[in-house]
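Work through the exercises below with the structure open. Try each task before reading its solution.

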Amino acid sequence: MEITSIAPWILLLPFLMFIFLGLTAHKFSGQTSAKIGTTAFGIVAILCYYVAGRYFFGNFSVLDANGFEVFNKTGEIYNQITVFNWTWMQMTENLTIHIGFYLDPISAMMLVVIATVSLMVHIYSYGYMFEHGHFDEGMSRYYAVLSLFSFAMLGLVLATNIFQMYIFWELVGVSSFLLIGYYFFKPAAVSACKKAFIVTRFADMFFLIGILILSYHTQTFDFDQLNADNAKHVLDSFSITDGSRGITFLGFPLITIATFCIFLGGAGKSAMFPFHIWLPDAMEGPTPSSALIHAATMVVAGVFLVARLFPVYSFAAPEVLNAICYIGAFTALFAAIIAVAQTDIKRVLAFSTISQIAYMMVALGVARFGNHESELGFTASMMHLFTHAMFKAMLFLCCGCIIHCVESNEMSKMGGLKKYMPITYWCFLIGCLAIAGIPIFSGFYSKGEILTACLENGYTAIYVVMTLTAGLTAFYMFRLFFHIFHYEENPEYATSHHKPHDQGWQMTLPLIVFAVLTVGFVFLPGFNNAITATRTYMEMPTNWTVEGISIAVALLGIAIAFFLYYKKNEKPANIMAKCPALCEFVYNRMKIDEIWYGITRSFIFGVICKSIAWFDHNCIDGFMNLCAWITQKVSLETKDAQSGNVQQYVWVFIMGVVTIAFLALY
Amino acid sequence: MELITANNIIFALLSVVVLGCGLLSVLTEKLMHAAFYLFLTLVGVAGLYLQMSYDFLAAAQLSVYAGGILMLFIFAIVLVHKIGENSEHVRMGKKVWAGIAAFCGIAVVLCTMFLFGNFSADPSTDQFTETVNMELIGRTLLGTGKHQYLLPFEATGILLLACIIGALVIANKEKEDKE
Amino acid sequence: MIPVQFYLVISTLLFFIGVFGFISRKNLIGLLMSIELILNAVNINFVAFNRYLFPNQIEGYIYSLFIIVVAAAETAVAIAIIMNVYRRMGNETVKSIKELKN
């Protein structure tokens, strides 16, 4: 089959499914919608695998805009190919917005990630939403939005130009909003979805500003042109030379501002500090959608964005990459510390997600074009993206199973679940080992590479922080693990007639698939063959000292967690009693939310909004009221003319005729 | 040119009748009187037609207007008006407004006429003698050539028919509703 | 020979007498009578112009005939309407048809 004929369906099919399921939501039962949606996405996933497979291992060519044949591979180098590029909006001669399909190693990899996770979530949701023998009322809506999300996410990673990316970027934001607010009758869910939308929109504003600055100077949106020849076009447009930083604005190089603004957009979606506040609250959504959106795909959009523009960052704005890696390192440590004190299992995973995405950001931040060592971060970041998507989705889905049984998110309601839910237990264990960075499991490889990249490129401080974070990660993940599956069995289980148990095949199958992927990651073809900054084979250095230290730190973390939480004891409580203020502070997420609220309440609401509201009330409304008042008065005054009195009409008519005759004649 | 000829005297009399009775017809408070004055006005207008020696038109004016339409008016007045109530008091204000309109109109039209109305028609004869013969009228009404009016004539016939039916329907509506 | 202007003056005065009547009358039948006056004024105009300006043609003459016929038709219908109004409203003043929409 031709790639060009398949490619449009990857985008069209989920979109059509969204429309179809959305429009027929009240016609079909939730069960039917789920089956239709899952089947359709199954087809999309097969197409995605086929395209990605052909791209990585096959050999094909497409015609580019100038009619030349472009192969997916020239020798060992993978090409960036535009499969199609429809003109969507032609604003002016020079300003055209395209919707296209862009294949390069990272978008092909993202195709695989999205297809896998989304398909598994489609299947899993079928079981998850089936509660107490009946389907949720909004099941059709759920599947419709899931299709919308898949469409948007695929469009985002396949974008040929930065504007298309922005459009789909907003679309994923919308579908995330809809899924977080799925249980719209719960006030917490409503405020969470608003929070997520507003925070990410706020960050997206910077993204848009960045796009505008960048495209204003480069006169293009296309990634191809921006990235080509070591971002030469960008360098020229901003007149950056070896000696100068080019055009400046308020004393800052404009390119720095533009690329930093773009990064801030990514930081919003990827929940980097200080925009991370929406992600923990986003856990109010259904757990499968959390697994898909807030663990595996949407939240890595920021990482993907930086990776997509990596040549621009690396050549034109290396100082922004520095900033990225410091912000990333801080976020990683910060989120890991907060995760230690959380008691809601989904919140723990949410903070862990923030921390792990920060790892990817750090890896990108330390990477530069140059040699194999300096480029290592890029590959490491993409590897971590892939592995993290798999094991974190699995952890979330496990959480879904647990919450389904226990009907609570709180750790204190759990404990001793091991004997009730063996499959979930083993999968969760695999996920924890992977995220902790234990050899054989996928996380070990990607995390090891990230740490190596930090150290090799001379970011020693960051290396230390990241290693510390790795230890913390191991600790809080195993704290969670032991709390759920060991610790002290909740006495309600034994007496309850509704004992916890492993769920049906729809829910266990995805767990097993992800577990296999996590364990079998080593057997996957090496990422260093294609997914590298230069899109060709790259030697992956393995620094055994770094690996050894990271394993040691991880084991230490696990050991502490084992010591404290394997069996019920007084030690955790004693430790917490020693510094209650600190524990409280960390449990409350270091008050960052409160700071944001403070800013919004006192400054934005208090000063800006109030004055705007005053202006709106008095000036705009006043003007409108004045218009209405005048119209009303005039009509009240003149309505008497419509008296229905024929004689009056004749009088006016005659006087009018006389006047006109008079004026015309004299 | 002799000023006092029989022709001129008749014209003066006719114009006084037409205008005077017209004015009385709109000013009088009793409707039956108004109808009578209207009758005199119509007769006067017929006299003016005769003066221009349009005999047939004068006859039509008399028979249709004075004979037909006026009879309708009188029927209507008799049918509609309650006895003893057949007078109406018109407010002065209304009359003033009507007077203003009429006065303005007269002023504009007459001014226009005297300023621009120098029609160069001044036949030498003292009075019109030749009358339009009936055959010509008949041919003009029923012919299809240029300046002949068969189509409007037929249309008028249909209009009249429609009026008969329409008047019947409207006047009978109430009865049918009751049934 | 009476100049044409005399006829025109009579016609003008008669026309505006009709207008005056139309505006000032309270009774619907009075209104109709005023309309007849207006139509007559117009007829005089037609006939006079025809006689004086185009003595060899009879267009104005024929037009007057048609006007007389249409006036008759109009009066017949109008009087039927007035009868109806009277039956419904109890009187036949202009006020009673002010609110025809009801």
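**Exercise 1. The interface of chain A and chain C**

Task: Describe how chain A meets chain C in this predicted model, starting from the residues in contact.

Solution: 
- Step 1. Count the residues. On chain A, 8 residues are in contact with 11 residues of chain C.
- Step 2. Take the area. About 760 Å² is buried between chain A and chain C. Carbon and sulfur atoms give 74% of that area.
- Step 3. Sort the chain A side by class. Where chain A touches chain C there are 4 nonpolar residues, 4 polar residues and no charged residues.
- Step 4. Look for salt bridges. The rule finds 0 across the interface of chain A and chain C.
- Step 5. Count polar contacts. Between chain A and chain C, 3 residue pairs qualify, both residues at pLDDT 80 or more.

**Exercise 2. The setting of A:Ser446**

Task: Is A:Ser446 buried or exposed, and which residues does A:Ser446 touch?

Solution: 
- Step 1. A:Ser446 lies in helix H17 of chain A, residues 442-456.
- Step 2. Check the accessible area. The relative value for A:Ser446 is 0%. Buried means under 20%, so A:Ser446 is buried.
- Step 3. List the neighbours. Leaving out residues up to four places away in sequence, A:Ser446 touches A:Ala380, A:Met383, A:His384 and A:Thr387.
- Step 4. Find the polar partner. The side chains of A:Ser446 and A:His384 make a polar contact at 2.9 Å.

**Exercise 3. Chain A as a whole**

Task: How many helices and strands does chain A have, and what percentage of its residues is buried?

Solution: 
- Step 1. Chain A has 25 helices and 10 strands.
- Step 2. Of its 666 residues, 57% are buried.

Technical notes. Residues are numbered from 1 along each chain as its sequence is written. Chains are lettered from A and ligands numbered from 1 in the order in which they are written. This is a predicted model: local features need pLDDT of at least 70, side-chain atom pairs count only at pLDDT 80 or more; totals for chains, interfaces and linings use all residues. Side-chain values use heavy atoms; hydrogens and water are left out. Helices (H or I, at least four residues) and strands (E, at least two) are DSSP runs, numbered from the N terminus. Buried means under 20% relative accessible area, exposed over 50%, partly exposed in between (1.4 Å probe, protein chains only). A polar contact is a pair of N or O atoms within 3.5 Å; within protein, one must be able to donate a hydrogen and the other to accept it, and residues adjacent in sequence count only if both atoms are side-chain atoms. Contact means heavy atoms within 4.5 Å. Buried area is the accessible area (1.4 Å probe) that two parts lose on being put together, summed over both. A salt bridge is a side-chain nitrogen of Lys or Arg within 4 Å of a carboxyl oxygen of Asp or Glu. Ala, Val, Leu, Ile, Met, Phe, Trp, Tyr, Cys and Pro count as nonpolar, Asp, Glu, Lys and Arg as charged, and the others, Gly among them, as polar.
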